[in-house]
Every structure is written in C-alpha cells, then in structure tokens.
Amino acid sequence: MTFTRDGKSTPVLHDVNLDVAKGEFLCIVGPSGCGKSTLLSAFGGFLAPTSGEIRIDGEAVLGPDPRRIFVFQERGLFPWLTVEGNIEFGLFKLPKAERAARVAHYIKMVGLDGFEKAYPAELSGGMKQRLEVARALAVKPDMLMLDEPFGALDSITRLIMRGELLRIWREERNTVIFVTHDIDEAVQLADRVAVMSGRPANIQKIVNIDIAHPRDISSPRYLQLRNGILEQLGLAHQI
Amino acid sequence: MPHRSIGWVRPFAFVALLLVAWQFAVSRSSTHLLPGPIETLGGVADLVRHGLLLKYITASLFRVTWGFVLAAVLAIPLGLFIGWHRRAEMAFNPLLQIFRPISPLAWIPIAILWFGVGDLSAVFLIFLSCFFPLLLTAINAVQRIPSVYVNAARNFGLSEGGVVWRVLYPAVLPQLITGLRITLGVAWIVVVAAEMIAVNSGLGFLIVDARNAGDRYDLVVAGMVIIGVIGLLLDYGMRSLEQSKSLRWDYSED
C-alpha cells in the first residue's frame, strides 16, 4: 500500500498477510507511524490498497460497510446528538420500537443509564468512549475495528475500559481488530497479537496469547509473552 | 436575588449617566455642533407626530428583510454545494475572491442604472452585501467539518443524501447562524447608506433629508439613535437563536 503526497510516494504497507478468525480478538501492535492505522483503515474500507485485496467471508472489501464498524478515538461521536441520538444514528433502517429497544439495551450495557439526554460535551472521556462503542455495537456488526480507542484516556480509566471491553466482547462475540501501541494492553486483551515491523511495514510475527481470562498480569506466562513481543520490536527489557 | 437585579440595572444606569453628561455638555456649550438628548427626543416626537417614524422604520426593515432573505436562500445552498465539492470550490474561488472585497456601496450606480431609484435598488444592494459573506460562511462551515464525522456516517451505511441531511446540515448549523447574525448587522449598516442615495424613504433617507431640508440636526441624531436601537434588537434576536441548546456545541469542546 502506497501513499502519494507532493509527487513523492511513500510505501506504507508491504506484503501484509493476515488472517482473522470469526469471533477472534486480534490486537495489532507496532512502532508509531508504522502503518497500523493505515492497515485498519484498509480493513474498514476507507482506504483502498494499491495492490492486493482484503476479503471478509470471501467477499472483497470495496468501501465502508455497516457490518464492519470503525470506532474512532471518541472523536467520531456527533456532538449535536444526545447519547440516545448517537446510539440511534446507525439504526435508521429499523422500525421505531426496535430502535428504542436497542438504544435502551446498549445504554444499559455500557453503563450510561441516566445520561440518555446528555450531549457528548457533557460526558467524561471514558463515557464518550463507551458511547462510541455502544453506537458501534447497536448496529450488530460482525466486526469491530478500534484504532487506539483508549489512547486519549488517563491510565486508570484505560484499565477500567479494557475490562469493560472484554466483558462486552464476551457477551456479543464480534470479531474485534484492535490497534494499539501499548504492548501490555495487547497482551491483556487479545487472543492473538500481530506485531508489525517499521515502515514499509509487514506482519513480523503473530503471537498467540494462551492465557485464559481473567488474566493475571503478574503471572510468569504473561510476562514471558509480553517480553517476547518487546523483543520482537527490538526494545530492551530495561529503560 | 439582589445581585441579579444590580447586574441588570448597571448598563441602564451607565447609559443614563452618559445621557445626563451629554445634556450637561451641550447646555454649557455656546456652539451648536450637536443637539442634546432632550432635543433629540423632541425630534423623535416630531417624527411620531407626522406619522413618519413607523413608516420609515417599516420601509428600512422591509428592504433589509427582502435583501437578507433572498441572499440567505441563494447563498447558503450554493455555499454548501461548493464546500462539499472540491472541484466546485476550485472553479468558484477566484471569482469569489474578486467580488468579495468590492464594497456593496460601489454597486450603487449600477443598482440605480438597472433598477432605477426605488425599493428594488436598495434590496439589490442589501442582497449583494449579504450574499458574499453568507456564501463564504457556508463554504467554510462545510470545509471545517472533521472528516471523521463523514467517515462514521458512511460506515453506518448512509447514502450521500443521508450524509448531507444528517451530518452536513447539523454540523454547519451553528456556524451558519453566527454568519447570519453578523450578516444581518452588515445589512442594517448598508441599508442606511443605500437609502441615502437610491430611495426617498427609510431611516437613511430621513438623515439625509433632515440635513438637506433645513439643517434639522435633531432629526439626524434621532435617526441615528433609532438605527442603533433597531440594530441592537436585531442582534439580540439572532443571538437568542444561537443560544438554543442543540446548537450550543462546538468542535473545540475539549
């Protein structure tokens, strides 16, 4: 995949081969600027690869599709709509009663009860992120794509949000592709972690995280897997 | 709550103080360069007595309304279209940049040539003074919409029309209303100038006529005060529209 700007073309992704299983939680990690987000945008259909193709259930991805919802870093919420209005946004094809039921269900699932009429500007960062996840889930997508969704949150909220996301994922069982630069986050969440190299990036290694949830983040196996990924990225164990 | 009422009274008390100072300064002065507030009030009373006050205010508001509404109806959809389509913007931009710095008053001779002395000329001038600012506001408003909103809307499967109606329109509304408020202020300034030349009624005509027909400076200042008060009321009305809850968000929220 190549970007062209001012007549200069920059190859961003090269020779990426990645299979994602249905219902899987896949994390993509890599050095900043390596093309993680570009790869995710291509999965989402927002960018077309210059060569090669992306197939989901045997069908080529040609553009954005409500079966695959992209979750932006809380910035994708519509500030002119309330919490309810945002969740309802993608449900325009459903009859009214079902719409209301879905909205109520997902407001409850992400714990925003009592904030139905609030506007995004009145919510905290963590609440906004939960709202964006709820809006995505409400259309019952097969696949959720999250691009560093917790990057803008403080570390405490980030930990809480990871737990919430896992809880929701266990209930809904969507396929999740989660891009992050935080290796701990990846090892805590994912079934598999795809490690990307520097630019032009490819998938350097895929690490199976064979620890059952809830994960003990001080267990030897956890630390072993985490250190393995750090080594893959060429980062020392000590600072 | 006593503090509340004091906050409300303060600007009025200050205006009253200025009026007293004005009256005092005028009565102490031996020259007659400016009528005092009492004289001006007399001028207003004179206008009411002759049935001119309401007539002139109506005439001015009539022209502003037509010019402003026509400009809004044409400029806003056109601006949204141009802003939404990059190619249209590239085509229109040079033309806009040439027309924009031309003062609407520079059009007065052409307005009179085309429409004669009368309402139509004045409406045309107001229209011009509103059209270009509104067009640019609409174009900028569309271009300021973060692409993440459009991407999210497409992701949820909205058609092009759906994106325009459910994302573009609500996203630009606050900026459009601010643009309309500022433009209405401009229109109110331009109508006075237009009426001085292109017509023989309205508040602008009143000012010129009062001077030409007998140096009635009490009427000149009365006209100025009335223009100021009506301008204030127009702005106040538009501002209250801006305060509506669903419009009070902005991109710079965090």
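**Questions on a predicted model**

Visitor: In E10(A), which residue is the bridge partner of Arg192(A)?
Guide: Strand E9 (residues 192-196) of chain A is joined to E10(A) by 5 bridges, and the two run antiparallel. Strands are DSSP runs of E with at least two residues, helices are runs of H or I with at least four, and both are numbered from the N terminus. Two strands pair if DSSP finds at least two bridges between them. In E10(A), the partner of Arg192(A) is Asn208(A).

Visitor: At which pLDDT do side-chain atom pairs count in this predicted model?
Guide: Residues are numbered from 1 along each chain as its sequence is written, while chains are lettered from A and ligands numbered from 1 in the order in which they are written. This is a predicted model in which local features need pLDDT of at least 70, totals for chains, interfaces and linings use all residues, and side-chain atom pairs count only at pLDDT 80 or more.

Visitor: Which strands of chain A stand at the edges of the sheet, each with a single partner strand?
Guide: In chain A, 6 strands form an open sheet of mixed pairing, in the order E6-E7-E8-E3-E9-E10. Each edge strand has a single partner, so one side of each is left without a neighbour in the sheet; these strands are E6 (68-71) and E10 (203-208).

Visitor: In E8(A), which residue is the bridge partner of Cys27(A)?
Guide: Strand E3 (residues 25-29) of chain A runs parallel to E8(A) and is joined to E8(A) by 4 bridges. Strand E7 (residues 143-147) of chain A also pairs with E8(A) in the parallel sense, over 5 bridges, and there Leu146(A) has Phe178(A) as its partner. The partner of Cys27(A) in E8(A) is likewise Phe178(A).

Visitor: How many residues of strand E8 (residues 175-179) of chain A are buried?
Guide: A residue is buried if 20 or more other C-beta atoms, placed from the backbone, lie within 10 Å of its own, exposed if 12 or fewer do, and partly exposed in between. Strand E8 of chain A is largely enclosed by the rest of the structure, because the buried count among its 5 residues is 4.

Visitor: Against which strands of chain A do the buried residues of H1(A) pack?
Guide: Helix H1 (residues 36-44) of chain A has 8 of its 9 residues buried, so the helix is largely enclosed by the rest of the structure. Among these buried residues are Lys36(A), Leu39(A) and Phe43(A). In chain A, they pack against E3, E6, E7, E8 and E9.

Visitor: Which helix of chain A gives the most to the side of domain 1 that touches domain 2?
Guide: An automatic or database assignment sets the domain bounds, giving domain 1 (2-67 + 141-232) and domain 2 (78-140) in chain A. Across this boundary, 13 residues of domain 1 of chain A are in contact (C-beta atoms, placed from the backbone, within 7 Å) with 11 residues of domain 2 of chain A. With 6 residues, the helix giving the most to the domain 1 side is H5 (residues 155-172).

Visitor: How many residues of chain B are in contact with chain A?
Guide: From chain A, 16 residues take part in these contacts, and their partners in chain B number 13.

Visitor: Which peptide bond is cis, with omega near -10°?
Guide: Most residues other than glycine have a negative phi, and most peptide bonds are trans. Lys140(A) has a positive phi of about 50°, and Glu148(A) has a positive phi near 40°. Pro214(A) is found in the loop between E10 and helix H7 (220-232) of chain A. The cis bond runs from His213(A) to Pro214(A).

Technical notes: Contact = placed C-beta atoms within 7 Å.
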